[in-house]
Amino acid sequence: MNYIALKMLMGDRGKYLGIVMGLTFASLIMTQQPAIFVGLMMRSYSFVTDVGLPDIWVMDPKVQFVDDIKPLQDTKLFRVRGVSGVDWAMPMYKGMIKARLADGTFQTCNVIGLDDATLIGGPPVMLEGRLEDLRRADSVIVDIDGARDKLARPSKDPAGKPVPLKVGDTLELNDRRAVVVGIAKTTRTFQSQPVVYTTYSRATLYAPRERKLLSFVLVKARPGQEVHALTRRIRETTGLAAYTQAEFEELTVNYFLKNTGIPINFGMSVTLGFIVGAAIAGQTFYNFTLENIRQFGVLKAMGAGNGTLLGMILLQATLVGMVGYGLGVGLTSLFGWSMRNTILAFKFPWQLLVFSGLGVTLICVFSALLSIRKVIKLEPAIVFKG
Amino acid sequence: MGTATVAVECRGVRKTYDGSGQQVVALRGIDLDIHAGELMMLVGPSGCGKTTLISVIAGILDQDEGLCRVFGHDLLHMKDKDKLRFRAANIGFVFQTYNLLPSLTAAENVSIPMILNGISRQKAQRRAVEVLERVGLAERTGSLPSELSGGQQQRVAIARALVHGPKLIVCDEPTSALDHETGHRVMDLLKQVALDEDRALVIVTHDARIFEFADCIAQMDDGQVVKVVRSSGQS
């Protein structure tokens, strides 16, 4: 009877496509929107991920997320270095500083000051120049997206494209000269501001005058030292907050989840996608069953039991579910691939496949239940009614 | 006929429908015998209970009272599963509006009863083609119902009713949607290919033009069989 069930389903092309389209739409929305959400959330802590090397991040206890800088006194660095189990501890400056561009306009940049001696915390990939070039006078390294976009110079031709910032170009950071010595590839951040790397001491010169300028202390545990134990020890000894990289990423994500409307907005999109998809697919599938109710009655009269008919409907629901899900996920992947070089945040982890798969399954079960109820209650004697 | 096997035996069959607070008595104690090898027509005005009676005889509707035995089996007291199996194996249906599955070809439609009896699709298809050849549709086995005329569709429906060798075939107004000539051809076919000494045919009809094909006519009125006329002259 499986063959008959499939032929019944696909014989009515319009209905079949309607059901598949509904499920494709639901599957697309249930993967594409969360993929953008996940991408955005990952951008919120991408800076922490990019730095990579340290085991522990030490900061003011009031810091709520990675961009919520509450500067420390420089002396805190030495206190951290004094905690047993610390292999090394390096300072890092992170702050927003206005850059004056060649055309006189200003652009806020995310300036990262690295330890002068070791340059720990530098960009993950250098595209042009070397990290060590930061030791040259007034030198900075800028990220490629910032160089191409927000820090680009206007073209001399009014209709021309902006000219990307390149090695050798200069800009002004807080009225001080900065020379570009390298271009780096970094992961885009949540705010998508250009990232400018320099040394810690130079960053403190670029930064507005403040009593305290140390943003983070980056810590490496000694070989064999349990990281969580060291984190606790740093907290207890210094009174500062200390997080492993994963904990700091989690702290940042949780801040965005709790304090911004982003999850609600995306949650609403996903819910709407689910509801609309369920409504379209459920309604069309139910209509399909209603239009075929006489055929089901004929089968029942001829000796097909409820179990057989139930199996046929479940098979039909499974098929449209799988096709719709596959198309939706495929379209989402295509969307992500086509947007890979744009500013759009997009991350499609396997968990989203499971999530949307469950959503589509729910819709199919709902649609099938509506139809099954009708078919089980069906009196085969209807076949004799004209 | 007196010594022929009784295919269907109805005694005191009563059926009442409950609808919107009103009770409608459809069958008021039907007594009727249908013999194997006999083509019986149930005739009578609309609403007299013909369709209810064949539904009871075909085992797709339970009577409220009385006995209805089909080839010795009391369908009312059968378990649902056994009744389904009995229906699948022993009863063939021909409907007024053919009721073919529109997305299946003629051969696929005809093969359904075989599949319901557990025969593999390939074997069922082969047998379906054979039966379609018997009803004169050898060339149209791969056609969809929408590609066939009314008469051809009814021939497919007859093939479907016959394919699994049922002992009883129930037909509901098989000619009412067809013109006179096609209706006669369909009845000729039914008599030729469907009727044999082990099988009975029950046809519900209004169509007086086909009464000549009946071995027996049961006249119904107001839920009762008021007259039975057999071609042998018995009543």
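Start with the place where chain A and chain B touch: in this predicted model, 22 residues of chain A and 28 residues of chain B take part in the contact. The size of an interface is often given as the accessible area lost when the parts come together. Here, that comes to about 2,300 Å² between chain A and chain B, with 70% of it contributed by carbon and sulfur atoms. If you want to find the chain A side of this interface on screen, look up A:Tyr3, A:Met302 and A:Phe384, which lose the most area to chain B. Together those residues account for 34% of what the chain A side buries.

Now stay within chain A. It splits into domain 1, built from residues 2–43 plus 261–384, and domain 2, covering residues 73–239. How far apart are the C-alpha centres of domain 1 and domain 2 of chain A? They lie 49 Å apart. The two domains of chain A do touch, though: six residues of domain 1 are in contact with four residues of domain 2. Between them, domain 1 and domain 2 of chain A bury about 490 Å², and 63% of that sits on carbon and sulfur atoms. On the domain 1 side of chain A, the residues that lose the most area to domain 2 are A:Leu40, A:Arg43 and A:Ile343, which together make up 81% of what that side buries.

What does A:Arg188 contact once its neighbours within four places in sequence are set aside? Its partners are A:Arg43, A:Ser46, A:Asp145, A:Thr342 and A:Ile343. Two of those names, A:Arg43 and A:Ile343, have already come up among the residues of domain 1 that lose the most area to domain 2 of chain A. For a sense of scale, compare A:Arg188 with A:Ala381: they are 193 residues apart in sequence, and their C-alpha atoms are 67 Å apart in space.

Next come the helices. Two packed helices are described by the angle between their axes and the distance between the axes. In chain A, helix α2 (residues 13–44) packs on helix α8 (residues 245–259) at an angle of about 125°, with the axes 8 Å apart. That angle makes α2(A) oblique to α8(A), and the crossing is right-handed. From α2(A), the contact uses A:Phe37, A:Met41 and A:Ser44, while α8(A) brings A:Thr252, A:Val253, A:Phe256 and A:Leu257. Sorted by class, the residues of this contact between α2(A) and α8(A) are five nonpolar, two polar and no charged.

Another pair in chain A is helix α10 (residues 293–301) with helix α12 (residues 350–377), whose axes come within 10 Å and cross at roughly 50°. This pair, too, is oblique because of that angle, and α10(A) and α12(A) cross in a right-handed sense. The residues that meet are A:Ile293, A:Phe296 and A:Lys300 from α10(A), and A:Lys374, A:Val375 and A:Ile376 from α12(A). By class, the contact of α10(A) with α12(A) has four nonpolar, no polar and two charged residues.

Finally, hop over to chain B. Helix α4 (residues 121–134) of chain B and helix α5 (residues 150–162) of chain B pack at about 125°, their axes 9 Å apart. So α4(B) and α5(B) are oblique to each other, and α4(B) passes α5(B) in a right-handed crossing. On α4(B) the contact residues are B:Arg127, B:Val131 and B:Leu132, and on α5(B) they are B:Val156, B:Ala159 and B:Leu162. Five of the residues in this contact between α4(B) and α5(B) are nonpolar, one is charged and none is polar.

Key: Residues numbered from 1 in each chain as written. Chains lettered and ligands numbered in written order. Predicted model: local features only at pLDDT ≥ 70, side-chain atom pairs only at ≥ 80, totals over all residues. Heavy atoms only, no water. Axes fitted to C-alpha atoms, helices over the stretch in contact; angles between N-to-C directions. Helix = DSSP H or I, 4+ residues; strand = E, 2+ residues; numbered from the N terminus. Parallel < 35°, antiparallel > 145°, perpendicular 65-115°, else oblique. Left-handed = near helix turned anticlockwise from the far one by under 90°. Contact = heavy atoms within 4.5 Å. Nonpolar A, V, L, I, M, F, W, Y, C, P; charged D, E, K, R; others polar. Domains from an automatic or database assignment. Buried area = accessible area lost by both parts, 1.4 Å probe.
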